[in-house]
Amino acid sequence: ILDLKGDHMKIYRTILNLLTLIFIFIYPLIPSYGKIGLDYLLMLIILIHLASLIFFKEERRNLKKNLSLFKEDKILLIAISLNLLMYISLIYSVDRTMTLLNSYRFTYFIGLYLIIGYKIREKGYFKLLVSGFLSASVITAFYSFYQSFKIIEQNLSIDRTHRITSFLENS
């Protein structure tokens, strides 16, 4: 186990913060179906954080300090319980591959929750994350209204063949 310090730590935090911001901003805009997905970016964020536990003693210290806080975080405990149920559902799942992939994805989201909730403590950066997420949501909402009006203008109904992008589709 290594112990890098100084500039390496600043570079790591900048990269983690930047990737998290990109993910938070782009996630509501990119639909979960299709060829473009953000699962790899989410995995990269989690892997960078896991690597930081190997290379930075300060990160290991922070993890030990935060372990006591995890027990008190009801949202985290509920999410972990739900995730365990998702993995248990593999026993009776019809499509085990899909169940496993979605269970992995949910595990990555729990990791992202931990990164945002326990690592990103800078007030300005957290405001930037929230602003980015809300901005992307507003863009998606306006685009949805535009799509709705275009479909109605053509005397069509909104159904599976005329799918409207929505912010909730990815949440």
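Which residues does threonine 20 touch, not counting residues up to four places away in sequence? Here are some friendly notes on that residue and its surroundings; please keep in mind that this is a predicted model.

1. **Threonine 20.** Leaving aside residues up to four places away in sequence, threonine 20 touches Ile45, Leu112, Ile115, Ile116, Ile120, Tyr125 and Leu129. Threonine 20 itself sits in helix α1. Its relative accessible area is 0%, and since the cut-off for buried is under 20%, threonine 20 counts as buried.

2. **Overall make-up.** You will be looking at helices here: the protein has 6 helices and 0 strands. Read from the N terminus on, the order of elements is α-α-α-α-α-α.

3. **The largest core.** The largest nonpolar core is built from 21 residues. If you want landmarks inside that core, pick Phe23, Ile45, Leu112 and Leu129, the residues with the most contacts within it. Two or more residues each are supplied by α1 (7–26), α2, α5 (96–119) and α6 (123–153). The largest share, 7 residues, comes from α1.

4. **Isoleucine 45.** This residue is worth a click, being one of those with the most contacts inside the largest core. With residues up to four places away in sequence not counted, isoleucine 45 touches Leu16, Leu19, Thr20, Phe23, Leu112 and Ile115.

5. **How α2 meets α3.** Helix α2 covers residues 39–55 and helix α3 covers residues 57–70; their axes come within 5 Å and cross at roughly 105°. Angles of 65 to 115 degrees count as roughly perpendicular, so that is how α2 and α3 stand to each other. On the α2 side, the contact involves His49, Ser52, Leu53, Ile54 and Phe55, and these meet Lys57, Glu59, Arg60 and Leu63 in α3. Sorted by class, this contact of α2 with α3 holds 4 nonpolar, 2 polar and 3 charged residues.

6. **The whole chain.** Of the 171 residues in the protein, 30% count as buried. Among contacts with a separation of 6 or more, 67% are between residues 24 or more positions apart. The accessible surface comes to about 11,900 Å², and carbon and sulfur atoms account for 70% of that surface.

Key:
Residues numbered from 1 in each chain as written. Predicted model: local features only at pLDDT ≥ 70, side-chain atom pairs only at ≥ 80, totals over all residues. Heavy atoms only, no water. Axes fitted to C-alpha atoms, helices over the stretch in contact; angles between N-to-C directions. Helix = DSSP H or I, 4+ residues; strand = E, 2+ residues; numbered from the N terminus. Parallel < 35°, antiparallel > 145°, perpendicular 65-115°, else oblique. Contact = heavy atoms within 4.5 Å. Nonpolar A, V, L, I, M, F, W, Y, C, P; charged D, E, K, R; others polar. Core = buried A, V, L, I, M, F, W, Y, C linked by side-chain atoms within 4.5 Å. Buried < 20%, exposed > 50% of the residue type's maximum accessible area, 1.4 Å probe, protein only. Areas by Shrake-Rupley, 256 points an atom, 1.4 Å probe, with all protein chains shown as cover.
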